[in-house]
Amino acid sequence: MRNSIMAWVRTVPEDEWQEGPLSDLFPKVVDPKYGKVDHIMGVHSLNPEGLKAHLGVYTSAMSGTETLPKMEREMIALIVSLENRCHY
């Protein structure tokens, strides 16, 4: 069995995102169902411009097009995550 070690990255606590440069980004990255920011986005909290760039890439990659609808993109992302043993 593989040992799994989670990396630790310092982040800005979510209760501090309400003011400053993160305040505009918070509503765009918070999970509406759980009210939390996914770790994959939260690791960028010390660099709001990096968070904004990551959000832009994600939004662009997952937006549907005529040839590949959003649902199919999400399904592909799910299969890739499963194959990579990634829970995101």
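The model is a predicted one, and the points below take up the chain as a whole, the contact of helix α3 with helix α4, and an aromatic pair.

**Chain as a whole**
- Of the 88 residues in the chain, 20% are buried.
- When contacts between residues at least 6 apart in sequence are considered, 35% of them join residues that are at least 24 apart.

**Helices α3 and α4**
- Helix α3 spans residues 48–62 and helix α4 spans residues 70–83, and their axes come within 9 Å of each other while crossing at roughly 115 degrees.
- Because angles of 65 to 115 degrees count as roughly perpendicular, α3 is described as roughly perpendicular to α4.
- On the α3 side the contact is made by Tyr58, Ser60, Ala61 and Met62, which meet Lys70, Arg73, Glu74 and Ala77 of α4.
- Sorted by class, the residues in this contact of α3 with α4 are four nonpolar, one polar and three charged.

**Aromatic pair**
- The structure contains one aromatic pair, formed by the rings of Trp17 and Phe26, whose centres lie 5.8 Å apart.
- The planes of the Trp17 and Phe26 rings stand at 75 degrees, and the pair is therefore edge-to-face, since planes over 60 degrees apart count as such.
- Both Trp17 and Phe26 are buried.

How values were computed: Residues numbered from 1 in each chain as written. Predicted model: local features only at pLDDT ≥ 70, side-chain atom pairs only at ≥ 80, totals over all residues. Heavy atoms only, no water. Buried < 20%, exposed > 50% of the residue type's maximum accessible area, 1.4 Å probe, protein only. Contact = heavy atoms within 4.5 Å. Axes fitted to C-alpha atoms, helices over the stretch in contact; angles between N-to-C directions. Helix = DSSP H or I, 4+ residues; strand = E, 2+ residues; numbered from the N terminus. Parallel < 35°, antiparallel > 145°, perpendicular 65-115°, else oblique. Nonpolar A, V, L, I, M, F, W, Y, C, P; charged D, E, K, R; others polar. Phe/Tyr/Trp six-rings, centres within 6.5 Å; stacked < 30°, edge-to-face > 60°.
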